Amino acid sequence: MEIQITCENLKLGYGAGVLVEGMSFTVARGNYLCIVGENGAGKSTLLRTLLGLQKPLAGTITFGGGLKHNEIGYLPQQTFVQRDFPASVWEVVLSGCQGRCGLRPFYNREEKRIAERAMEQLEITPLARTCYRDLSGGQQQRVLLARALCASDKMLVLDEPVSGLDPKIAEVMYHLVERINKERGMTVIMISHDVREAIPYATHILHMDKEYFFGTAEAYRQSDFRKAFLAGT
């Protein structure tokens with residue numbers, strides 16, 4: 001089992017505001033890790049820390065298996081401004097290859113091929129010339145997921161990817177992410193507010209609270225963490 005991320009005794013927060021401390025877990029290649037917990041538990045802070053966008057207050061994060069910060073495809077929560085972005089679907093998806101270009105001011109044939117493959121897998125090829133802001137919420141999320149796929153073939157990090165979506169559209173998104181995980185063998189780390197819907201797709205669960213749980217999805221199903229969390233939802 002190839003370990004891609006090892007977190008040891010993490011302490012997360014902002015200045016004197018500590019959200020979580022003493023948290024340790026690992027992520028292996030091909031895992032599908034679902035991060036759950038109440039609002040304010042530090043889930044998004046953890047993702048930003050894993051991505052190198054902020055530093056932990058204490059503890060260490062070690063990358064292995066050849067994984068680097070710039071080899072993680074990231075789908076953040078979408079803002080209202082981003083939803084009105086005036087670019088074509090093709091331009092948005094292809095922009096995910098920027099990290100592959102280095103100092104080149106243009107995309108090469110291989111990068112365009114990567115974008116085409118991502119669009120095919122997310123079933124948005126017919127929308128290539130459509131303006132992004134004219135799409136439905138579900139279509140926009142597919143485009144952003146395709147963009148994240150262009151940035152990495154090793155790991156996807158998704159922050160509430162089905163937030164605000166109709167339940168049926170959300171289910172489609174979960175299935176698409178599962179396909180990427182299984183067919184490409186990509187590691188997935190996803191925050192989800194919907195435990196009942198997300199758990200069936202996950203291999204591992206990280207439940208963040210005053211105390212935390214980390215383990216297999218099956219172990220989580222039997223845990224007091226899940227029972228208490230679902231009782232409050």
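This is a predicted model: local features need pLDDT of at least 70, side-chain atom pairs count only at pLDDT 80 or more; totals for chains, interfaces and linings use all residues.

Guide: Start with helix H5 (residues 109–121) and helix H6 (residues 137–151): their axes come within 9 Å and cross at roughly 140 degrees.

Visitor: What makes the contact between H5 and H6?

Guide: From H5 come Ile114, Ala115, Ala118, Met119 and Gln121. They meet Ala146, Leu149 and Cys150 of H6. Seven of the residues in this contact are nonpolar, one is polar and none is charged.

Visitor: How do you know that the structure holds zero disulfides?

Guide: A disulfide needs two cysteine sulfur atoms within 2.5 Å. Take cysteine 7: the closest cysteine sulfur, in cysteine 34, is 16 Å away, too far for a bond. From cysteine 34, the closest cysteine sulfur is in cysteine 7, again at 16 Å and too far for a bond. The count for the structure is zero disulfides.

Visitor: Why are cysteine 7 and cysteine 34 called buried?

Guide: Buried means under 20% relative accessible area. Cysteine 7 has 2%, so the label holds. Cysteine 34 has 0%, so the label holds there too.

Visitor: What makes threonine 49 count as buried?

Guide: Threonine 49 sits in helix H1 (residues 43–50). Its relative accessibility is 4%. The cut-off is under 20%, so threonine 49 counts as buried.

Visitor: Which residues is threonine 49 in contact with, leaving aside its neighbours within four places in sequence?

Guide: Threonine 49 is in contact with Leu12, Gln54, Lys55, Pro56 and Ile61.

Visitor: Why is H1 described as largely enclosed by the rest of the structure?

Guide: Count the buried residues. Six of the eight in H1 are buried, so the helix is largely enclosed. The buried ones are Lys43, Thr45, Leu46, Leu47, Thr49 and Leu50.

Notes
Residues are numbered from 1 along each chain as its sequence is written. Side-chain values use heavy atoms; hydrogens and water are left out. Axes are lines fitted to C-alpha atoms, for helices over the stretch in contact, and angles run from 0 to 180 degrees between N-to-C directions. Helices (H or I, at least four residues) and strands (E, at least two) are DSSP runs, numbered from the N terminus. Contact means heavy atoms within 4.5 Å. Ala, Val, Leu, Ile, Met, Phe, Trp, Tyr, Cys and Pro count as nonpolar, Asp, Glu, Lys and Arg as charged, and the others, Gly among them, as polar. Buried means under 20% relative accessible area, exposed over 50%, partly exposed in between (1.4 Å probe, protein chains only).
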